[in-house]
Amino acid sequence: MRRIRILLATAGVLPLIAMLLSYSGALAARVTVSWSYDYTRQPACNASQANDCIDHFEILDYTDSQHPKFLCRVPNPANAAAKVDNISDEFSYGPPFGLRTIVVVAVARDKNGTIDTSNPFAARKDVEIRPKVGRANQ
C-alpha cells in the first residue's frame with residue numbers, strides 16, 4: 001500500500017516539476033537575431049532629431065499574426081548612418097517551442113512624433129525553437 005502511495009505522489013509531482021521548469025525559463029533557448037538596415041532615407045533618432053527618424057527596432061514572434069508577441073526592443077546602433085550590417089540581439093525564448101516566425105520591425109517617429117512600424121513581413125524568418133535540456137554547449 002505504501003508503494004502505491006509513493007508511486008501516485010511521484011506521478012502527481014513529476015508533471016508539476018516539468019511545468020515549473022518549462023515556465024521558469026530553465027528550458028528557454030538562446031536566440032540570436034541579426035539584420036541590416038539602411039538609414040539613408042530615414043536617419044536614426046538622436047538628441048538633435050527626435051522626429052522623422054528611426055527610434056528603435058522590435059523583435060516579435062509573429063507566428064500568430066493576429067496576436068504577435070513582443071520579444072525585445074533593440075536600440076539603434078551607435079552612430080547609425082547609411083547602410084548598417086549586423087545589427088543584432090540575443091535573448092532567451094521559450095516556451096512555446098517548435099516552428100516560430102520571428103520578425104524585426106523598425107519603429108519610427110513621423111514628423112509629428114507619432115510612432116509607426118515597418119511591414120512585419122519585410123524581415124521575417126521561420127525558426128525551430130527547441131528547449132535547451134539535453135543539448136550540450138547550446
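Let me start with a term: helices (H or I, at least four residues) and strands (E, at least two) are DSSP runs, numbered from the N terminus. Hello everyone, and a quick word on what we are looking at. This is a predicted model, where local features need pLDDT of at least 70 and side-chain atom pairs count only at pLDDT 80 or more, while totals for chains, interfaces and linings use all residues. Residues are numbered from 1 along each chain as its sequence is written, and side-chain values use heavy atoms, with hydrogens and water left out.

So, the overall layout. The chain has 1 helix and 7 strands, and along the sequence they follow the pattern α-β-β-β-β-β-β-β. Of its 138 residues, 30% count as buried; buried means under 20% relative accessible area, exposed over 50%, and partly exposed in between, with a 1.4 Å probe and protein chains only. Contact means heavy atoms within 4.5 Å. Among contacts between residues at least 6 apart in sequence, 65% join residues at least 24 apart.

Now to the inside. A nonpolar core is a set of buried Ala, Val, Leu, Ile, Met, Phe, Trp, Tyr and Cys residues joined through side-chain atoms within 4.5 Å. The largest such core has 22 residues, and V33, W35, Y39, F57, I59 and F91 touch the most other members. At least two residues of this core come from each of β1, β2 (53-61), β3 (69-75), β4 (83-93) and β5. Another core, of 5 residues, lies apart from it, with L60, Y62, V103 and V107 among them.

Which residues does F91 touch, not counting those up to four places away in sequence? They are A29, R30, V31, V33, I59, L71 and C72. That last one, C72, is buried, with a relative accessible area of 10%.

Staying with cysteines, a disulfide is a pair of cysteine sulfur atoms within 2.5 Å. By this rule there is 1 disulfide, and it joins C45 to C53, with 1.9 Å from S to S. Both C45 and C53 are buried. The torsion about their S-S bond is about 90°, so the disulfide is right-handed.

Next, the strand residue N86. You will find N86 in β4, and it has a positive phi of about 60° although it is not a glycine. Is N86 buried or exposed? N86 is exposed, at 62% relative accessible area. A82 also has a positive phi, of about 55°, without being a glycine; A82 sits in the loop between β3 and β4. For background, most residues other than glycine have a negative phi, and most peptide bonds are trans.

Last stop, the largest pocket. On a 1 Å grid over the protein atoms alone, a pocket is an open set of points where a 1.4 Å probe fits, with protein on both sides within 12 Å along at least five of seven lines, and lining residues have an atom within 4 Å of a point. Its lining has 20 residues, of which V31, T32, V33, K125 and V127 lie nearest the centre. Where does most of that lining come from? From β1, which gives 7 residues.
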